[in-house]
Amino acid sequence: MVDKTKILNFIQDFGCCRLEHLQILFNDKNNNFKGILDNNMVSKKGNIFVHNTKKIDEKMLTALDILCKYKNRFKYFHKGFDPVYITFLSKENLLYNIIVTDK
């Protein structure tokens, strides 16, 4: 079972994410993560979890899709600043930036 506080902090930092992102990034494929909805900090719209102070950001969802593809290759990741959505450090100590554009 994944620590509920870590999941809430993740959603607060990134604003929104899909159920599949949580399942992949927190290594819990069978969890539906409904327990994080108990405290009214997070709401769910379809399969997207959204922190109540944020909006659904399609670019962030795309960046998280890409991050999930690198799941077994990174040591650490964090939210970046525009135009970088996510920055992660690979196991080879290379720094990568995920940039999402409208095009």
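Modeller: Ground rules before we start: helices (H or I, at least four residues) and strands (E, at least two) are DSSP runs, numbered from the N terminus. This is a predicted model, where local features need pLDDT of at least 70, side-chain atom pairs count only at pLDDT 80 or more, and totals for chains, interfaces and linings use all residues. Residues are numbered from 1 along each chain as its sequence is written, and side-chain values use heavy atoms, with hydrogens and water left out.

Biologist: Okay, where does Pro83 sit?

Modeller: Pro83 is in the loop between strand S4 (74–79) and S5.

Biologist: Why is Cys16 called buried?

Modeller: Buried means under 20% relative accessible area, exposed means over 50%, and partly exposed is in between (1.4 Å probe, protein chains only). Cys16 comes in at 0%, so it counts as buried. Cys68, at 10%, is under the cut-off too, so it also counts as buried.

Biologist: What makes a group of residues a nonpolar core?

Modeller: They have to be buried Ala, Val, Leu, Ile, Met, Phe, Trp, Tyr or Cys residues, joined through side-chain atoms within 4.5 Å. The largest one here has 26 residues, and Phe10, Ile11, Leu22, Ile36, Phe49, Leu64 and Ile86 touch the most other members. Helix H1 (4–14), helix H2 (19–25), helix H3 (58–69) and strand S5 (84–90) each give two or more residues to this core.

Biologist: Which residues does Leu64 touch?

Modeller: Contact means heavy atoms within 4.5 Å. Leaving aside residues up to four places away in sequence, Leu64 touches Phe10, Phe14, Cys16, Cys17, His21, Leu25 and Ile86.

Biologist: What makes the phi of Asn27 worth a remark?

Modeller: Most residues other than glycine have a negative phi. Asn27 has a positive value, near 50°, and isn't a glycine. Asn40 is another non-glycine with a positive phi, of about 60°. Asn27 lies in the loop between H2 and strand S2 (42–45), and Asn40 is in the loop between H2 and S2 as well.

Biologist: Why are Asn27 and Asn40 called exposed?

Modeller: Asn27 has a relative accessible area of 61%, so it passes the exposed cut-off. Asn40 has 63%, so it's exposed too.
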